[in-house]
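Q: Could you walk me through this structure? I have not seen it before.

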Amino acid sequence: MTTTLDRTAPRDLAAESPARLSLTPKTTLAGQLDGAWWPYSRDLETELPPLAAALEEPWGRVTRVTVNPARWPVVPHTVAVDGRTLHVGWFTEQDPDKLILLSYTVGRWDLLVIPPETEPAAAARLMAAAAIPGSVLAAGVLMANEIAIGRGIRDARRREATWEGEGGACMSPFGVAMGRSALPLSANGWR
């Protein structure tokens, strides 16, 4: 399998923009995730430096990252971050929607990875859900829930468009649109 990355647009966008993160507040409630990350592209070499820089103050220096290669076309062994090396590993057993960050001195953090092509409203829902303290929902479950929610929203929009396309027509019990003139008059003469 051959994968081609466009290294111009995403690299420029990621380099100029801060990491899109939603972190779980510090609390004694331990959950499945420590927050969510919404990268701009699927280029780890470009996306990891801003992420590591954004996490350095709240969490400490990130030294290692692990991913599932199913979501990343290229997984580099190392990435340069502010003059140091960030080691990157991959495990096919790891949840494909999760990124694990490690530090020698501070510990481990698990982030939900929201696909770069996700619509902003869906990404906002996912970022909020992943940052709930003490949540027992894993990354894969959150993504599956969002797919179901997205499907429900699309179905509701389709039904509304159908309703509007019919002029808000009332339907007969047989599924046939009825014009307003076909409705019986009420006691006050209104239809």
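A: Helices (H or I, at least four residues) and strands (E, at least two) are DSSP runs, numbered from the N terminus. This is a predicted model, in which local features need pLDDT of at least 70, side-chain atom pairs count only at pLDDT 80 or more, and totals for chains, interfaces and linings use all residues. Residues are numbered from 1 along each chain as its sequence is written, and side-chain values use heavy atoms, with hydrogens and water left out.

Q: Which helices each supply at least two residues of the lining of the largest pocket?
A: They are α3 (120-130) and α4 (139-165). A pocket is an open set of points on a 1 Å grid over the protein atoms alone, where a 1.4 Å probe fits, with protein on both sides within 12 Å along at least five of seven lines; lining residues have an atom within 4 Å of a point.

Q: And which gives the most?
A: α4 does, with 7 residues.

Q: What is the lining of the largest pocket by class?
A: There are 6 nonpolar, 2 polar and 5 charged residues. Ala, Val, Leu, Ile, Met, Phe, Trp, Tyr, Cys and Pro count as nonpolar, Asp, Glu, Lys and Arg as charged, and the others, Gly among them, as polar.

Q: Changing topic, where is D43 found?
A: D43 lies in the loop between β2 (35-37) and α2 (44-59).

Q: Is D43 buried or exposed?
A: D43 counts as buried because its relative accessibility is 7%; buried means under 20% relative accessible area (1.4 Å probe, protein chains only).

Q: Which side chain joins that of D43 in a polar contact?
A: That of T46, at 2.9 Å. A polar contact is a pair of N or O atoms within 3.5 Å; within protein, one must be able to donate a hydrogen and the other to accept it, and residues adjacent in sequence count only if both atoms are side-chain atoms.

Conventions:
Buried < 20%, exposed > 50% of the residue type's maximum accessible area, 1.4 Å probe, protein only.
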